[in-house]
Amino acid sequence: MPKNYNALIANAIVGLKSRKGCSRIAIKKYIEANGDVEVYQPAMRRAIKVMVENGDLLVHETHRGSFVLSDDAKAEAKAAIKAELKKAKGPKKKKTTKKKTTKKKKKTTKKKSKKKSKKKGHSYRTIKGVKYDGGMLDAADEAVDGNGDGRVSVEDAKEIFAEAADGGKYTAVEKKTMKYIRANYKFTKAGDTWLRKAIASWAAKKAAKKKR
């Protein structure tokens with residue numbers, strides 16, 4: 001069954017409630033976390049492009065690469081969410097008065113079942129036989145695709161760094177991916193400076209913790 005990406009994107013932006021707008025990565029993560037849907041990036045990018053052209057989606061004035069819904073699209077999305085919630089609840093049941101009956105309760109021993117916690121696996125992308133971090137590459141791709149001048153800005157650099165730091169460790173794959181991004185993607189001077197400082201500061205903090 002084909003996914004209605006327009007509705008998924010609109011619902012995600014309403015759910016995120018961000019005044020600064022929502023980046024493609026934030027929208028993707030919200031959809032996958034709340035809709036039990038695996039997002040196909042090219043299809044989502046096409047949907048965003050169409051929504052921008054239709055005027056349903058607006059690029060944030062100060063945060064490049066972030067989107068907000070138009071007033072009409074926001075009202076429509078909220079109404080659709082409200083209708084879905086009402087449908088899920090179903091019709092109200094009539095209250096019925098039941099006669100109280102006293103029954104002897106039998107003691108039963110219930111076996112405790114261990115709940116398995118589902119953890120999302122980290123996505124990887126292989127380029128020319130080398131494994132790279134998929135989230136970091138997605139952030140870099142989105143930075144140079146669509147709106148803007150095709151370079152990685154400070155805001156884009158923050159998205160890439162957030163993907164690298166999401167697990168709390170700067171792994172060998174993430175280091176390799178960062179080196180690949182710096183070599184193959186164009187950065188603004190400010191974006192390049194910010195990313196260099198962020199990595200150096202993070203690495204210093206990690207090294208200081210190890211010494212303790």
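Phe 161 counts as buried, because its relative accessibility is 17%, and the cut-off for that label is under 20%. The partner is Trp 194: the two ring centres lie 5.9 Å apart with the planes at 85°, so the pair is edge-to-face. Phe 161 comes from helix α6 (residues 154-165) and Trp 194 from helix α8 (residues 189-211), so this pair links distant parts of the chain, 33 residues apart. Trp 194 itself is partly exposed, with a relative accessible area of 26%. Both residues belong to one aromatic cluster, which they form together with Tyr 170 and Trp 202.

**Another aromatic pair**

A search of the whole structure turns up four aromatic pairs. One of them joins Tyr 132 and Tyr 180, with ring centres 4.7 Å apart and planes at 40°, so this pair is tilted. Tyr 132 sits in strand β5 and Tyr 180 in helix α7, so the pair ties together parts of the chain that are 48 residues apart in sequence. Tyr 132 is buried, at a relative accessible area of 9%, whereas Tyr 180 is partly exposed, at 22%.

Here are the accessibility values for some of the residues in this report.

| Residue | Relative accessible area | State |
|---|---|---|
| Phe 161 | 17% | buried |
| Trp 194 | 26% | partly exposed |
| Tyr 132 | 9% | buried |
| Tyr 180 | 22% | partly exposed |
| Thr 177 | 0% | buried |
| Asp 156 | 9% | buried |

**The hairpin and the residues around it**

Tyr 132 takes us to strand β5. Strand β4 (residues 124-127) pairs with strand β5 (residues 130-133) in the antiparallel sense, over four bridges. The two strands make a hairpin with two residues between them, and in the turn Lys 128 has a positive phi of about 50°. Across the pairing, Tyr 124 stands opposite Asp 133.

A side-chain oxygen of Asp 133 lies 3.0 Å from the backbone nitrogen of Gly 135, capping the N-terminal end of helix α5. The backbone nitrogen of Asp 133 is in turn reached by the side chain of Thr 177, at 2.8 Å. Thr 177 lies in helix α7 (residues 172-184) and counts as buried, because its relative accessibility is 0%. Leaving out residues up to four places away in sequence, Thr 177 touches Tyr 132, Asp 133, Met 136 and Leu 137.

**A helix that is largely enclosed**

How many residues of helix α5 (residues 134-144) are buried? Nine of the 11 are, so the helix is largely enclosed by the rest of the structure. Among the buried ones are Gly 134, Gly 135, Met 136, Leu 137, Asp 138 and Glu 142. The elements covering these buried residues include helices α2 (24-35), α3 (41-54), α6 and α7, along with strands β4 and β5.

Helix α6 is also the place of Asp 156. Asp 156 is buried, with a relative accessible area of 9%. Setting aside neighbours within four places in sequence, Asp 156 is in contact with Arg 64, Ala 143 and Arg 151. Ala 143 is itself one of the buried residues of α5.

**The three-stranded sheet**

Elsewhere, three strands form an open sheet in the order β1-β3-β2, with antiparallel pairing. Strands β1 (22-23) and β2 (57-59) stand at the edges, each with a single partner strand, so one side of each is left without a neighbour in the sheet. Two bridges join β1 to strand β3 (residues 66-69). Within this pairing, Cys 22 stands opposite Phe 67 in β3.

The chain has a mean pLDDT of 82, and 81% of its residues reach 70 or more. Residues 114-121 are another matter: there the pLDDT is below 50, and the stretch has two contacts in the model beyond near neighbours in sequence. Where pLDDT is low, the predicted coordinates should not be read in detail.

Note on methods:
Residues numbered from 1 in each chain as written. Predicted model: local features only at pLDDT ≥ 70, side-chain atom pairs only at ≥ 80, totals over all residues. Heavy atoms only, no water. Buried < 20%, exposed > 50% of the residue type's maximum accessible area, 1.4 Å probe, protein only. Polar contact = N/O pair within 3.5 Å; in protein donor to acceptor, adjacent residues only side chain to side chain. Contact = heavy atoms within 4.5 Å. Pairing = 2+ DSSP bridges. pLDDT = per-residue confidence, 0-100. Phe/Tyr/Trp six-rings, centres within 6.5 Å; stacked < 30°, edge-to-face > 60°.
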